[in-house]
Structure formats: C-alpha cells, structure tokens
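Subject: Structure for your review

Dear colleague,

Please find below the sequence and the structure that I would like to hand over to you. My notes on what was found follow directly after them.

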Amino acid sequence: MASAADDDRFSGRFSVIVPVFNRPQEADELLASLAAQTYADFEVIIVEDGSSVTCREVCSRYANRLKIKYLEKENSGPGPSRNYGAERASGDFLVILDSDVVVPENYFAQLAKALKDNPAEAFGGPDAAHPSFSVTQKAISYAMTSFLTTGGIRGGKKRMDKFYPRSFNMGIAREAFRRLGGFANMRFGEDIDLSIRLFKAGYRCRLIPEAWVWHKRRTDLKKFFRQVFNSGIARIALYKRYPDSLKVVHLLPSAFVAGITLLIVLAVVFAFVCPAVALVCLCPIALFCLAICIDSALRNRSLRVGLMSVPAAFVQLAGYGTGFIAAWWQVCVRGKEKRAAFENTFYN
C-alpha cells in the first residue's frame with residue numbers, strides 16, 4: 001500500500017507535459033491559453049515526438065511569457081513521450097494534457113485550490129466543447145461525454161463507474177508517478193492502465209469538476225470511428241492485464257451493437273411478412289435517436305448539433321463496441337497475442 005502523503009508537501013508548483021506530433025497549430029492554441037492563466041506557478045514541457053512538422057518556432061514565441069522547455073525525441077507514442085517529459089519535470093504535480101485541448105484562464109487556480117482543500121495524489125477533470133468548435137466537433141464532444149452514450153465515465157457528476165483520469169486532462173504527484181514507473185508502453189489505454197495502478201497502489205484519485213478543458217477531439221466521423229474502435233481494443237488489453245477492471249459499463253457498447261443489429265435484421269425480415277411488426281422493431285432505435293437529438297440540442301442550444309449528435313453517438317457506440325468484440329474474439333477466444341491480432345489497426 002502506497003503512502004498517501006505525497007501531496008502533503010504540495011507547494012503549489014505544476015509541471016505541464018504535452019506530447020506533440022505534427023500539431024503546431026494545436027500547440028499554439030494550447031500555449032496561448034496557458035499564457036493567459038491567472039495562476040502562474042507552473043512550467044510547460046513540450047515533447048516533440050518525432051514530428052516532421054515541428055512546433056519549435058511556436059514554442060519560441062512563448063519563451064518570454066511561459067516557463068517553457070521544448071524537447072525533441074524520436075517517435076515512440078504518447079506514453080513514452082510523457083515519461084520523457086516527466087523525467088525532466090520539477091513540479092510537485094505533473095499535469096498531463098493532450099495537444100488538442102485549450103484550458104480556461106482559471107484552470108490552475110482551480111487545481112491549486114482543490115488540491116489544498118482536499119488533497120489527493122492524482123486527479124482528472126472533464127472536458128467540454130468550445131463555442132468556436134465546428135458542429136461535428138461539438139457533436140463528437142457530446143457523444144463522448146453524455147450519460148446516454150458513455151455512462152458519464154469520462155467526467156461529470158453522473159457516472160456508472162468510478163472515475164479514471166484520462167490523459168487529455170490528468171494530474172499525478174511527481175513522486176507517485178516515479179514510484180509507479182510512469183505510463184506503460186501501450187499504444188492506447190495507457191492512461192487507464194496508470195489510473196488502475198494508482199488505485200491498486202492505494203493512492204487517492206479523484207475528479208475535480210472545476211478543472212475542465214475544451215477538447216477538440218476528432219474533426220470528422222471517420223477519424224472518430226478509428227479512435228473509439230481502438231479504445232474498444234484497448235479495453236480488452238486492459239482486461240488481460242487486470243481482469244477485475246472490466247465493468248458492466250464497458251460491455252454496453254457491444255450490447256448496443258448486438259441489439260441494434262438484431263432489431264434491424266428483424267425489421268428487414270418482418271418487412272415482407274408483417275410491416276407493423278417491422279415498425280415496432282425500429283421503434284427503440286427511433287426513440288434512442290430522438291433522445292440523443294433532444295438532449296444534445298438542449299445542452300448545446302443548437303438543433304444542428306443535436307441532429308449531428310445522432311450519427312456521432314452511433315459512431316461512438318458502434319466503434320467502441322465493434323473494437324471490443326473484435327479484440328475479444330481475436331485475443332480471448334482465438335488466443336492471439338494483441339499486437340499480432342491488431343498490428344495494422346492498433347499499432348499503426
């Protein structure tokens with residue numbers, strides 16, 4: 001059992017670690033938001049992960065506004081890049097951010113207050129869509145954060161599972177990070193892996209709702225599908241490492257895929273025999289679409305976003321669900337090693 005005293009020495013200094021791969025525009029927007037913080041006791045460590053289009057010039061523009069370190073290394077993926085930055089950090093807490101987020105001006109002020117009022121060795125915060133985001137980005141943000149699609153496990157007050165920080169907005173005491181060995185060498189799911197190890201080691205890990213970020217995520221549904229498909233694969237990889245980590249909420253997207261497939265097949269079959277029964281089969285799908293559209297439209301104050309949230313929700317659930325099923329079949333049923341089973345999709 002790990003000691004829970006790391007944060008008791010918290011002096012208020014943070015080290016922000018951001019791995020970047022060919023994203024100078026995103027890095028610029030993130031750095032601009034960091035430069036506007038009302039709380040200034042933090043350093044920024046940008047880790048260029050083998051990019052062909054670097055953000056070196058972007059970082060140099062903020063040298064007189066931020067305590068910034070720009071590091072370059074060969075490509076190895078986000079987990080090892082974060083570890084590389086952590087080895088060169090000096091703050092009490094490591095704050096892990098993705099390059100495609102923007103932070104509100106009181107982000108670090110809220111963190112400092114929350115950690116002093118209610119100490120913890122690790123934390124995570126929710127995400128939201130910025131008003132400037134496109135309709136598709138807002139719809140994708142809804143699909144990833146709504147209780148109707150993910151059970152709220154990615155942040156917020158309503159959740160079907162305990163909160164596991166994600167690497168787009170995650171913090172951990174530097175000493176705890178060192179003791180746990182940092183992020184595992186996983187292509188996806190490395191943040192959940194670290195969160196699981198935090199809980200198993202006895203560290204305090206909690207959601208700080210006030211420490212939220214704007215998260216751009218993917219810009220189109222095809223890229224979004226690929227992202228959540230890989231997340232479904234990652235869940236099986238985590239299950240193989242930690243069998244007790246698999247919860248009912250993780251099975252729901254696969255159940256959704258199976259249920260939707262069954263309803264559509266029944267509707268097609270009965271369409272030639274009894275059209276009324278075919279319509280009844282399609283009613284649950286129609287009601288789900290209506291619930292998504294109304295909820296998203298109200299949350300985003302936009303009917304366009306509400307309508308786009310319907311396909312985004314189906315992509316989120318179907319992508320994760322099919323990735324989960326594919327990985328379960330290949331790894332758990334056929335007994336293939338994960339890398340061999342998904343060399344072309346998961347690792348490239």
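Is Arg 82 buried or exposed? Arg 82 is buried, because its relative accessible area is 3% (buried means under 20% relative accessible area, exposed over 50%, and partly exposed in between, with a 1.4 Å probe and protein chains only).

Before the remaining findings, a word on the basis of these notes. This is a predicted model, in which local features need pLDDT of at least 70 and side-chain atom pairs count only at pLDDT 80 or more, while totals for chains, interfaces and linings use all residues. Residues are numbered from 1 along each chain as its sequence is written, and side-chain values use heavy atoms, with hydrogens and water left out.

Salt bridges

A search of the whole structure gives 19 salt bridges (a salt bridge is a side-chain nitrogen of Lys or Arg within 4 Å of a carboxyl oxygen of Asp or Glu). Arg 82 takes part in a salt bridge with Asp 98, where the closest N and O atoms are 3.4 Å apart. This pair links distant parts of the chain, 16 residues apart: Asp 98 belongs to the loop between β4 and β5 (101-102), and Arg 82 to helix α3 (residues 78-86). Helices (H or I, at least four residues) and strands (E, at least two) are DSSP runs, numbered from the N terminus. Asp 98 counts as buried because its relative accessibility is 19%.

Arg 82 also meets the side chain of Glu 190 in a salt bridge, at 2.8 Å from N to O. Glu 190, at 5% relative accessibility, counts as buried.

A further salt bridge joins the side chains of Asp 244 and Lys 200 (3.2 Å, N to O). Here too distant parts of the chain are linked: Asp 244 is in the loop between α9 (221-241) and α10 (248-271), and Lys 200 is in helix α8, 44 residues apart. Asp 244 counts as partly exposed at 48% relative accessibility, and Lys 200 is partly exposed with a relative accessible area of 47%.

Strands of a sheet pair through backbone hydrogen bonds, either parallel or antiparallel. In this model, seven strands form an open sheet with mixed pairing, in the order β3-β2-β1-β4-β8-β6-β9 (two strands pair if DSSP finds at least two bridges between them). Its edge strands, β3 (67-73) and β9 (205-207), each pair on one side only. On average, neighbouring strands of this sheet are turned by 20° against each other, direction ignored. Axes are lines fitted to C-alpha atoms, for helices over the stretch in contact, and angles run from 0 to 180 degrees between N-to-C directions.

Strand β6 (residues 122-124) pairs with strand β8 (residues 169-173) in the antiparallel sense over three bridges. Gly 124 stands opposite Met 170 in β8. Helix α8 (residues 190-200) packs on the sheet and touches β6, β8 and β9, its direction making about 40° with that of β8. Helix α1 lies across β1, β2 (42-49), β3 and β4 (93-97), and runs at about 175° to β2.

Surroundings of Thr 149

Thr 149 is part of helix α6 (residues 147-150) and counts as buried, at 7% relative accessibility. Its side chain reaches the backbone oxygen of Ala 143 at 2.6 Å, and a polar atom of the Thr 149 side chain lies 3.1 Å from the backbone oxygen of Ser 146. A polar contact is a pair of N or O atoms within 3.5 Å; within protein, one must be able to donate a hydrogen and the other to accept it, and residues adjacent in sequence count only if both atoms are side-chain atoms. Leaving aside neighbours within four places in sequence, the residues in contact with Thr 149 include Tyr 142, Ile 292 and Leu 317 (contact means heavy atoms within 4.5 Å).

Backbone angles

Most residues other than glycine have a negative phi. Asn 22, although not a glycine, has a positive phi of about 55°; Asn 22 lies in the loop between β1 (14-20) and α1 (24-35).

Yours sincerely
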